Amino acid sequence: MISVAEVGHFALILAVGVALYQFIVPLVGAQRGDVAAMRAGISAAILQLVLIAIAFAALTHAYVTSDFSVLNVVENSHSAKPLLYKISGVWGNHEGSMVLWVLILALYGAAVALFGQNLPLELRARVLAIQGSIGLAFLLFIVMTSNPFIRVDPPPIEGNGLNPILQDPALAFHPPFLYAGYVGLSIAFAFAVAALIEGRVDAAWARWVRPWTLVAWMFLTIGIAMGSWWAYYELGWGGWWFWDPVENASFMPWLVATALIHSAIVVEKRNALKIWTVLLSILAFSLSLMGTFLVRSGVLTSVHAFAVDPERGSFILMILCLFIGGSLSLFAWRAPQLKAGGLFAPVSREGSLVVNNLLLCVSCLAVFVGTLYPLALETLTGEKISVGAPYFDLTFGPIILPLLLLVPVGAFLAWKRGDIGLAMKRLAWALVLALIVGAIVFALNVRGPWLAPVGMAIAAWLVFGAIADLAAKVALFKVPLATSWHRLTGLPRSAIGTAVAHAGLGVLVAGVIAISLWRIEVIVALKPGESAAVGKYTVTFTGEAPLVGPNYTGKVGSFTLKEADRELATLRSEKRNFKPSGMPTTEVGLYQTWHGDVYVVMGDETTGGARAMRMYYNPFVNFIWFGATIMFAGGLLSLSDRRYRVGAPKRAATAQAVPAE
Amino acid sequence: MIWIVFAAMTAAVLAALLWPVVKSKPAESIAERAAYDRAVFRDQLAELDRDVERGTIGQAEADAARNEISRRLIAASQEAPKKKVSGIAWAAIAATLIVPAVALPLYMKAGNPQLADVPHAERMANAEKNGDMAALVAKVEQHLEANPDDLQGWQILAPLYRRDQRWQDAADAYRNIVRLSPPDAANISDYGEALVMANQGMVPAPAHALFDEALKLDPKFPKARFYDALGLKQEGKTDEAKAAFEAFLKDTPEDAPWRPMLLAEMQDMNAKPPALDQQTMADAAQMSGADQQAMIRSMVDGLEQKLAANPDNLDGWLRLIRARVVLGDTDKAQAAYKKALETYSGNEDALAQIAALGRDMKLE
């Protein structure tokens, strides 16, 4: 019998060699103008994908068949686990998740190789070479320090099981999306480094790099949203965002990637902000590398743990220094040689995008400090502090608020020199509607703070501003409706995508403001038959029963949910104890409506046969994820714009006379 | 066999890398860089025209933009084409050798080509055929989980657990045997012994009660007598223990396998140092008495080597420290104690256990 695991292992190691080839040959080829060598990079990128896919499939095979001769499977799986979690267990651990990381990296590389016909061969070769170097670094990291194909002989009969908190559908699928975002930024990075090597960044470059950045941004958006959704209903704390370092590690690249997709527009349209955009591309990927380092080195769980077993952490740190240091040095050396581009007045579309970029970067800096300061402090002095929501509310909030105010205005400013008065005039009705929303909230809001009406008005301003943007573009109510519709269908998809994404941001902001200000929290001890009021709802604890799952046992509590004597639903909240580890988890009882969730968590037993219950009414909480989904859809629309499908120029081999040199 | 697959994979990779190099199109068929730029700028112009048509852009703004794009277009057209090299690039062909040169040594170091896959279901199904003891144990365990009252199953498991020194599991199995069979001194004593072993050689109160119970059924049952006396000794009832040991010795034939162990235990009582590790003793008891001491030493050395190779074994460390003290090797005991503390730095539970033993054994 051929060992699938060993075939996978060999494929992974072959990929190391191919990555080295992909790094060197096309880079040298592009320098020498050697067509054959440049084309070899394309094959290498596709091969890279095939080989890593074989390795990934082999690892998955080991998980699905519970092959406990593979150490990684022993440590993270169990034969009694449901199939879905056997599969998601592949990336639910350090080694497997790194294989997924390089698989996605190879996917992007192969995508550039296959779909990059519209790129000049030199540029494509250089981009693939940089991709190859990243792949090489991470493949070596895997093989040297985190090899998932280490075997055990003789194999144990049973595995240790997957961390039960990770046995959840949302978690099973959010890392691939998040990684698709993280790793997608590597393409922007590769384009930036290639541009620095070539010494040219121009409008065409921006157009070529932008769809890849957009894809990465979309996946980051949806990946972060899924992670937050998972934390919301699986961790059972009732919150949706905790400013946890792991969350921040994905949020920082998102902020910079958002800045990047905006600044790339300026490069494409006006040939300006070129150096800045290249820098952002480097920073965005650097932050996602740093996120990988933070999450993967163990530095977060404990600085001490990192010091005890520094092999992995040091290796990633080395990768980090090599890529960030290397690219920034290249930037310092080559950036001054880039030609400056078009000029623009402070009040203009470009100007507004510069403000957007500054605010996003400063807010990212605020998150950066809040995330790394405690780590630095612990490393230097041993003192452990935790920087929580209050810090981020005070720093991130005030920076991001003006940005939200500016979003609709920026879209109405003309390129080069804008007229703020004209923009505001065209936005007048959106502003009026937003103020009305604010006034209504102010009138209804009996207990919330002053921020509530302001926040809701801003959310409304974003949504109506986006609508106003589209309305102006189709001359709504100025021409017959049919004409407007015709105009809408004729608009560039990117224009529609922009408006949709900005409206999605408004929806998200509405959700965030609502849950931060109006959530209702009730913590009570209930005996079976007793009730508690949660806002306008009444939750009755009807009793608990033992629970036996495929790989856990526990208790399930039942609740009836009533609104003014009308029974709405029966909710179940579970406390599970997972077999191999004995680790407890909770399952939340959730009743979802469009205007908010009733969220019930059964806690521990207290004295006298009662159980501690935590119940929440989370108003408009689903707007957060709904908004993120709209933003994703906006990105998708923008991506489908025809201008990203400009084909490769057809070479009229003889017709175009090359001037004699 | 697997090397044929590896060779085929490597060959396929090399072929895929060589193909574009060998079959490379001539350089003239590759469009100039400027052509790509022009394609983009022409598209930008077309887009601008569409915007003007839709009226989403002002005339002045459109004119300015058209000027800019046109300038880019002209600049792109004036760019001198770079010289391209074509033909078979020997360097690129030679470079493919990078792949096997990197992959083979790495795989030789990290891979295990001789190992087969061991899918769980298949392993369980073929457990009998392959004489796979671990799988058989798991099968019996599974069976017992569904039928906890199957005496025969527990009777199969108990000695297997003993053999693997899974004392806690062995105690559980013997408990079930005692529960499911008529009262029997041997079964009860085995249960008690497993509890003692699980407790690192100290006789815990429930085990002591079991040995008493066994002695009620059969007052002469050797194993129960031995552990009963040992328990008394560990509880500090020295006189009672001495009497029990002496009575037991009187009934022990000259050639009884446990006689040396018994003598050692009695001698030790007079000599004073703390009780010999029961594990070591149990092993020693099966050998002839003559070179017991040497054997124990070699076993303890073996244990130390095992721990050096595989340090995550708290029981092992505790046994090693205790054994060193018992054998009188204070320096070595001290060293083992230090090493154990280092190994478990950060694991407070383990540290507490090690430190407690250290205090008992007067180590620092």
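Helices α10(A) and α12(A) are roughly antiparallel to each other, because an angle over 145 degrees between helix axes counts as roughly antiparallel. Their axes cross at roughly 170 degrees and come within 10 Å. In this pair, α10 covers residues 274-296 of chain A and α12 covers residues 310-334 of chain A. The model in which they are seen is a predicted one.

The residues that α10(A) brings to this contact are A:Val278, A:Leu279, A:Ile282, A:Ser286, A:Leu289, A:Met290, A:Thr292, A:Phe293 and A:Arg296. Facing them in α12(A) are several residues, including A:Ile316, A:Leu320, A:Phe323, A:Ser327 and A:Phe331. Sorted by class, the residues of the contact of α10(A) with α12(A) are 14 nonpolar, three polar and one charged.

A second pair in chain A can be described in the same terms. Two packed helices are described by the angle between their axes and by the distance between the axes. For helix α6 (residues 121-145) of chain A and helix α7 (residues 169-198) of chain A, the angle is about 125 degrees and the axes are 8 Å apart. On the α6(A) side the contact is made by A:Leu123, A:Arg126, A:Val127, A:Ile130, A:Gln131 and A:Ile134. The α7(A) side includes A:Ser186, A:Phe191, A:Val193, A:Ile197 and A:Glu198. Nine residues of this contact are nonpolar, two are polar and two are charged.

Helix α6 of chain A also holds A:Ser133. This residue has 21 C-beta neighbours inside 10 Å, and A:Ser133 counts as buried because the cut-off is 20 or more. Between A:Ser133 and A:Gly223 there are 90 residues in sequence and 25 Å in space, C-alpha to C-alpha.

Chain B has 20 helices and zero strands. Of its 364 residues, 32% count as buried. Chain B is divided into domain 1 (2-110), domain 2 (133-272) and domain 3 (292-360). The centres of domain 1 of chain B and domain 2 of chain B are 77 Å apart, taken over C-alpha atoms.

The two chains meet in a contact that takes 71 residues from chain A and 69 residues from chain B. Among the elements of chain A that each supply at least two residues to this side are α1 (4-32), α2 (35-64), α6 and α8 (203-234). The most comes from α1(A), with 18 residues. By class, the side of chain A that touches chain B has 40 nonpolar, 16 polar and 15 charged residues.

Note on methods: Residues are numbered from 1 along each chain as its sequence is written. Chains are lettered from A and ligands numbered from 1 in the order in which they are written. This is a predicted model: local features need pLDDT of at least 70, side-chain atom pairs count only at pLDDT 80 or more; totals for chains, interfaces and linings use all residues. Axes are lines fitted to C-alpha atoms, for helices over the stretch in contact, and angles run from 0 to 180 degrees between N-to-C directions. Helices (H or I, at least four residues) and strands (E, at least two) are DSSP runs, numbered from the N terminus. Two residues are in contact if their C-beta atoms, placed from the backbone, lie within 7 Å. Ala, Val, Leu, Ile, Met, Phe, Trp, Tyr, Cys and Pro count as nonpolar, Asp, Glu, Lys and Arg as charged, and the others, Gly among them, as polar. Domain bounds come from an automatic or database domain assignment. A residue is buried if 20 or more other C-beta atoms lie within 10 Å of its own, exposed if 12 or fewer, and partly exposed in between; C-beta atoms are placed from the backbone. Angles under 35 degrees count as roughly parallel, over 145 as roughly antiparallel, 65 to 115 as roughly perpendicular and the rest as oblique.
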